[in-house]
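Trainee: Could we go through this structure together? I would like to begin with the overall fold and then turn to pockets and charged pairs.

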Amino acid sequence: MLAPGTVFLYRNIDGPRLASVRPCRVVSDDERGLLLWLTRGTTVIVEETLDGRGIRDMPFTEWVTQPVRVVPSVWQGPGLLKFIPPGADHSVWFFQDEQEHFKFWYVNLEERALRWDDNSDGGGLAGVDVIDQDLDIVVRPDRTWQWKDEDELAERLALPDHYWVHDEDALRAEGLRVIKQIEAGDFPFDGTWTDFRPDPSWQAITDLPTGWDRPPVPRP
């Protein structure tokens with residue numbers, strides 16, 4: 001279990017490739033799961049083509065033909081709370097408005113988070129590696145919900161040799177399982193953390209910690 005305030009990397013892997021890195025702070029790490037805070041202004045890593053376009057700036061058929069690189073960027077949005085439940089193929093993000101009030105939940109369907117920890121000597125890093133499954137669920141404060149990015153999922157599934165989602169049925173089953181939680185108002189959709197305020201000493205992380213680009217954790 002990591003102490004509050006510990007720097008923790010949330011990394012997205014596209015197939016065998018590191019696609020993005022978001023340095024966060026640990027809010028809590030307990031039997032409920034791992035809760036992270038991403039501060040506005042934090043230096044992040046994003047994936048782009050050599051001409052500076054991202055994966056959503058072109059058809060997927062073009063993206064898979066392009067050489068890509070990872071480059072530093074800045075998290076421009078309001079602070080973001082990310083909750084990773086244990087043993088689940090999703091995370092739940094708590095979005096805020098510009099006044100730092102809770103705005104909506106966002107269920108990010110993703111292949112199981114694999115944790116890693118290089119802190120055995122007290123000087124390393126810890127993080128999780130996830131594979132974003134693209135299909136998401138937007139949940140309003142009244143717990144009405146809607147699927148997001150179904151068209152993106154369909155476009156990419158048409159290229160199975162290049163796409164990292166291999167089981168659409170399992171993906172949708174995970175989404176439907178979470179929807180039952182949403183409609184029942186079960187944790188974490190019960191109001192927990194909707195009034196969250198970060199420790200004021202948690203400034204934006206502007207220098208990427210050494211080791212942010214360590215090899216992805218091998219999947220079973």
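This is a predicted model: local features need pLDDT of at least 70, side-chain atom pairs count only at pLDDT 80 or more; totals for chains, interfaces and linings use all residues.

Trainee: How many helices and strands does the protein have?

Mentor: The protein has three helices and 10 strands. Here helices (H or I, at least four residues) and strands (E, at least two) are DSSP runs, numbered from the N terminus. In sequence order the pattern reads β-β-β-β-α-β-β-β-β-β-β-α-α.

Trainee: And what is the radius of gyration?

Mentor: The radius of gyration is 17 Å, close to the 17 Å that the globule rule gives for 220 residues, so the protein is as compact as a globular protein of that length. That radius is taken over C-alpha atoms, and the rule is 2.2 Å times the number of residues to the power 0.38. The C-alpha trace spans about 45 × 45 × 35 Å along its principal axes.

Trainee: What percentage of the residues is buried?

Mentor: Buried residues account for 47% of the 220. Buried means under 20% relative accessible area, exposed over 50%, and partly exposed in between, with a 1.4 Å probe and protein chains only. As for contacts (heavy atoms within 4.5 Å), 59% of those between residues at least 6 apart in sequence join residues at least 24 apart.

Trainee: Changing topic: what is the volume of the largest pocket, and which residues lie nearest its centre?

Mentor: Its volume is about 760 Å³. The largest pocket is lined by 32 residues, with Asn-12, Ser-20, Arg-22, Ile-55 and Arg-56 nearest its centre. On a 1 Å grid over the protein atoms alone, a pocket is an open set of points with protein on both sides within 12 Å along at least five of seven lines, a cavity is a set where a 1.4 Å probe fits but cannot get out, and lining residues have an atom within 4 Å of a point. Grid points are joined across faces, edges and corners, and a volume is the space filled by probe spheres set on the points.

Trainee: Which elements supply that lining, and what classes of residue are in it?

Mentor: Among the elements that each supply at least two residues are strand 1 (7-14), strand 2 (17-30), strand 9 (126-139) and helix 2. By class the lining has 14 nonpolar, six polar and 12 charged residues. Ala, Val, Leu, Ile, Met, Phe, Trp, Tyr, Cys and Pro count as nonpolar, Asp, Glu, Lys and Arg as charged, and the others, Gly among them, as polar.

Trainee: How many cavities are there?

Mentor: There is one cavity of 30 Å³ or more. The largest cavity has a volume of about 40 Å³, and its lining consists of six nonpolar, two polar and no charged residues. Strand 7 (residues 90-96) gives the largest share of that lining, three residues. The lining residues include Trp-37, Leu-81, Phe-102 and Trp-193.

Trainee: Now the charges: how many salt bridges are found?

Mentor: A search of the whole structure finds 19. A salt bridge is a side-chain nitrogen of Lys or Arg within 4 Å of a carboxyl oxygen of Asp or Glu. In one of them, Glu-111 pairs with Arg-219, with the closest N and O atoms 3.7 Å apart. This pair links distant parts of the chain, since Glu-111 is in strand 8 (residues 102-117) and Arg-219 is in the segment after helix 3 (168-184), 108 residues apart. Both are partly exposed, Glu-111 at 28% relative accessible area and Arg-219 at 27%.

Trainee: What about Glu-168 and Arg-172?

Mentor: Their side chains form a salt bridge at 3.2 Å, N to O. Because Glu-168 and Arg-172 are four residues apart in helix 3, about one helical turn separates them. Salt bridges that share partners also join Arg-56, Asp-134, Lys-148, Asp-149, Glu-152 and Arg-156 into one network.

Trainee: Is Glu-152 buried or exposed?

Mentor: Glu-152 counts as buried, at 10% relative accessibility. Glu-152 lies in helix 2 (residues 150-157) and touches Arg-56 and Asp-134, not counting residues up to four places away in sequence.

Terms used. Residues are numbered from 1 along each chain as its sequence is written. Side-chain values use heavy atoms; hydrogens and water are left out.
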